[in-house]
Amino acid sequence: MKKKIFVIIVLILIVAAAIASYFYFQTTKSETNELENKIDTASRDYFEKYVSANDSANSYKVTLEDLETANQNGEEYDLKGLEKCDKTKTFANVTIDYKTGKAKKTQVELKC
C-alpha cells in the first residue's frame with residue numbers, strides 16, 4: 001500500500017514539473033519574440049532614415065548600439081528589455097527591396 005502511494009506521489013510530481021516547465025518555456029519564448037519585434041521595428045525605421053538604398057549591399061546590419069545612438073540623437077525607439085543584451089552582437093540584418101529602396105525583411109539575432 002505504501003509503495004502505491006509513493007508511486008502516485010512521484011507521478012504527480014513528474015506531471016507537475018512537466019507542466020511548470022512548459023509554462024516557463026512558453027513565457028521565455030514570448031519574451032524573446034517581443035524583444036525581436038522591438039529590434040525588427042526599430043531596425044526597419046533606422047534603415048529608412050539613416051541608410052542609403054543606393055549602397056551595393058543587399059542587406060544592412062543594424063546593431064543595438066546603432067539604435068541606442070539614434071535614441072541619443074532624438075529618436076524614440078522602444079528598447080526596453082534589451083539593456084542586458086550585447087550592444088554589438090545584438091543586431092538585425094535588414095534586406096533591401098531594390099525596387100522601392102525600402103526594408104523588405106529583417107532577421108534578428110539576440111545576444112542577451
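A disulfide joins Cys85 to Cys112, with the two sulfur atoms 1.8 Å apart; a disulfide here is a pair of cysteine sulfur atoms within 2.5 Å. The structure is a predicted model, in which local features need pLDDT of at least 70 and side-chain atom pairs count only at pLDDT 80 or more, while totals for chains, interfaces and linings use all residues. Residues are numbered from 1 along each chain as its sequence is written, and side-chain values use heavy atoms, with hydrogens and water left out.

A search of the whole structure finds one disulfide. The link of Cys85 and Cys112 is right-handed, with 70 degrees about the S-S bond. Cys85 lies in the loop between α2 and β2 and Cys112 in the segment after β3, so the pair ties together parts that are 27 residues apart in sequence. Helices (H or I, at least four residues) and strands (E, at least two) are DSSP runs, numbered from the N terminus. Cys85 is buried, with a relative accessible area of 4%, whereas Cys112 is exposed at 62%.

The strands come next. Strand β2 (residues 91-97) and strand β3 (residues 102-109) run antiparallel and are joined by seven bridges; two strands pair if DSSP finds at least two bridges between them. Four residues sit between the strands of this hairpin, and Gly101 takes a positive phi near 80 degrees there. Phe91 belongs to strand β2, and its bridge partner in β3 is Glu109. At 16% relative accessibility, Phe91 is buried. Leaving out residues up to four places away in sequence, Phe91 touches Ile39, Lys61, Val62, Thr63, Gln107, Val108 and Glu109, a contact being heavy atoms within 4.5 Å. Phe91 and Glu36 are 55 residues apart in sequence, yet their C-alpha atoms are 9.6 Å apart in space.

Thr90 is found in the loop between α2 (64-72) and β2. Thr90 counts as buried, because its relative accessibility is 0%. The side chain of Thr90 reaches the backbone nitrogen of Lys111 at 3.2 Å. This is a polar contact, meaning a pair of N or O atoms within 3.5 Å; within protein, one must be able to donate a hydrogen and the other to accept it, and residues adjacent in sequence count only if both atoms are side-chain atoms. Beyond four places in sequence, the residues that Thr90 touches include Ile39, Cys85, Glu109 and Lys111.

A nonpolar core is a set of buried Ala, Val, Leu, Ile, Met, Phe, Trp, Tyr and Cys residues joined through side-chain atoms within 4.5 Å. Of the 20 residues in the largest such core, Ile39, Tyr46, Leu67, Tyr77 and Leu82 touch the most other members. The elements α1, α2, β2 and β3 each give two or more residues to this core, and the largest share, five residues, comes from α1. Apart from neighbours within four places in sequence, Ile39 is in contact with Leu64, Leu67, Leu82, Thr90, Phe91, Ala92, Val108 and Leu110.

In one of them, the side chains of Asp78 and Lys38 meet at 3.6 Å, N to O. Asp78 lies in the loop between α2 and β2 and Lys38 in helix α1 (residues 2-50), so the pair ties together parts that are 40 residues apart in sequence. Asp78 is partly exposed at 42%, whereas Lys38 is buried at 16%. Glu68 and Lys87 also form a salt bridge, at 3.2 Å, N to O. Glu68 lies in helix α2 and Lys87 in the loop between α2 and β2, so this pair ties together parts that are 19 residues apart in sequence. Arg44 and Asp40 meet at 2.9 Å, N to O; being four residues apart in helix α1, these two are separated by about one helical turn. Finally, Asp45, Lys49 and Glu75 are linked in a network of salt bridges.

How values were computed
Buried < 20%, exposed > 50% of the residue type's maximum accessible area, 1.4 Å probe, protein only. Salt bridge = Lys/Arg side-chain N within 4 Å of Asp/Glu carboxyl O.
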